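Thanks for coming, everyone. Please have a look at the model on the screen, and then I'll walk you through a few spots.

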Amino acid sequence: MNPAPSRPSRARLLATGAAAVTVVLWASAFVSIRSAGEVYSPGALALGRLLAGALVLGVICLVRREGLPPRGAWRGIAISGVLWFGFYSVALNWGEQQVDAGTAALVVNIGPVLIALLGARLLGDPMPPRLLAGMAVSFAGAVTVGLSMSGDGGASVLGVVLCLLAAIAYAGGVVAQKPTLGQASALQVTTYGCLVGAVCCLPFAGQLLQEAADAPVTATLNMVYLGVFPLALAFTTWAYALARTTASRMGATTYAVPALVVLMSWLALGEVPGALTLVGGALCLAGVAVSRSRQRTSTPRGAGNRAPGHDEPAAERRRTTPTHS
C-alpha cells in the first residue's frame with residue numbers, strides 16, 4: 001500500500017543506466033581518437049575537445065538556469081578539473097602516440113585499482129569481497145586484452161610513463177569529485193570542471209588554430225564528437241551515478257570499457273579480434289557484473305523492505321530534493 005519502497009529501486013536503476021551510458025560513450029572515444037589523433041597534436045586535441053564540451057554544457061546550464069556551484073564545492077571541482085579534465089586528456093593523448101593501444105589500455109586500467117585504494121583511504125569507501133573479486137577478474141581481463149592487442153615492437157618508456165600519469169590523474173580526479181557531488185549538482189560539477197580543464201589547456205590554443213586550418217573535416221568532427229558525447233554527456237552521467245554509489249564501485253564499472261572497445265573496433269573499423277582478446281573482454285564484463293552485484297542479506301522481522309541508508313551515500317540520505325543533472 002505504501003509506494004515509498006519502490007523509490008530507491010528506481011534511483012538505483014537510473015544510476016545504473018547513467019553508468020552504462022558513460023561506459024559506452026567512453027569506449028566509443030577510443031575509436032574517434034584514432035582518427036583525430038592522426039591530425040591533431042595531444043594538447044590541441046584536448047583543448048578542442050574541452051572547448052566543445054564546455055560550450056554544450058554551458059548552453060544546458062543556461063537553459064536549466066543552473067547557478068554557480070556553492071563555495072564549498074569549488075575545491076573539488078578545481079582539483080578534478082586540473083587532474084582529470086586537463087592533465088589526463090593531454091597525457092593520455094600523448095601516451096597513445098608513443099605506445100600501441102593495447103599497452104595504453106593495460107597501463108591506464110590500473111586507474112580503477114587506484115580509485116578503490118584512494119577511496120578506501122580518503123573517503124572511507126567500503127571494500128566488500130565481491131567488489132575486490134570483481135576488480136581482480138576485470139583487471140585480469142584488461143591485462144589479457146592489452147597483451148593480445150600489443151604490437152610486436154617494444155613499448156616506449158615515455159609512453160608508458162604518460163599512461164601511468166594519466167591513470168593517477170584519473171584516480172585523483174574521481175576521488176576529489178566524489179564529495180563535491182554532495183554539495184553541487186552533477187551538471188555543475190561537470191560544467192565547471194570542464195571549464196577548469198579548458199583553461200589549463202589554453203597554452204595549446206595556437207596549435208589548435210594552426211592544425212584546425214589544415215585538418216580534414218572528418219578529424220575535426222571526431223574532435224567535436226569527443227567533446228559533446230564522451231565528455232559533456234558521459235561525464236555528466238558519470239557524476240550522476242557517482243553521487244549515488246561509491247567511487248570504488250564506479251571505478252570498477254569502467255572495466256567494461258576495454259570489452260566494448262574491442263566490439264566497437266570490430267564493428268566500426270573491421271578489426272576482427274582474436275580468441276585471446278575475446279576471452280579478455282569476457283573476463284572484463286564478468287568482473288564488472290560481480291563487482292556491481294549485491295550480497296543478499298536476511299531482513300530482520302519487522303525491519304521493513306529495506307534498511308534505512310543501505311548502500312546509499314550519506315549525502316543522498318540527507319538530500320530532500322533530487323540532484324539536477
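Start with W238. W238 is buried, at a relative accessible area of 1%. Buried here means under 20% relative accessible area, exposed means over 50%, and partly exposed lies in between, with a 1.4 Å probe and protein chains only.

A word on the source. This is a predicted model, where local features need pLDDT of at least 70 and side-chain atom pairs count only at pLDDT 80 or more, while totals for chains, interfaces and linings use all residues. Residues are numbered from 1 along each chain as its sequence is written, and side-chain values use heavy atoms, with hydrogens and water left out.

The structure holds eleven aromatic pairs. Rings of Phe, Tyr and Trp (its six-membered ring) pair if their centres lie within 6.5 Å; planes under 30 degrees apart are stacked, over 60 edge-to-face, and the rest tilted. Take W84 and Y170. Their ring centres are 5.6 Å apart and their planes stand at 45 degrees, so this pair is tilted.

What about W84 and W238? Their centres are 5.5 Å apart and their planes are at 75 degrees, so the pair is edge-to-face. W84 is in helix α3, and W238 is in helix α10 (residues 217-242), so this pair ties together parts 154 residues apart in sequence. W84 has 2% relative accessibility, so W84 counts as buried. These residues belong to one aromatic cluster: W26, W84, F85, Y88, Y170, F235 and W238.

Next, the overall fold. How many helices and strands does the protein chain have? The protein chain has 14 helices and zero strands. Those are DSSP runs, numbered from the N terminus: helices are H or I with at least four residues, strands E with at least two. Of the 325 residues in the protein chain, 47% are buried. Look at the contacts, too: heavy atoms within 4.5 Å. Among contacts in the protein chain with a separation of 6 or more, 92% join residues 24 or more positions apart.

Here is one example. A15 lies in helix α1 (residues 6-36). A15 is buried, at 8% relative accessible area. A15 and Y240 are 225 residues apart in sequence, yet 6.8 Å apart in space, C-alpha to C-alpha. Setting aside neighbours within four places in sequence, A15 contacts Y240, A241 and R244. R244 does something else as well. Its charged end sits over the ring of Y240, 3.8 Å from the ring centre. That label needs NZ of Lys or CZ of Arg within 6 Å of the ring centre and within 35 degrees of the ring normal.

Buried or exposed: which is R65? R65 is exposed, at 79% relative accessibility. R65 is placed in the loop between α2 (42-64) and α3 (74-98). The phi of R65 is near 60 degrees, a positive value in a residue other than glycine.

That's the tour. Questions, please.
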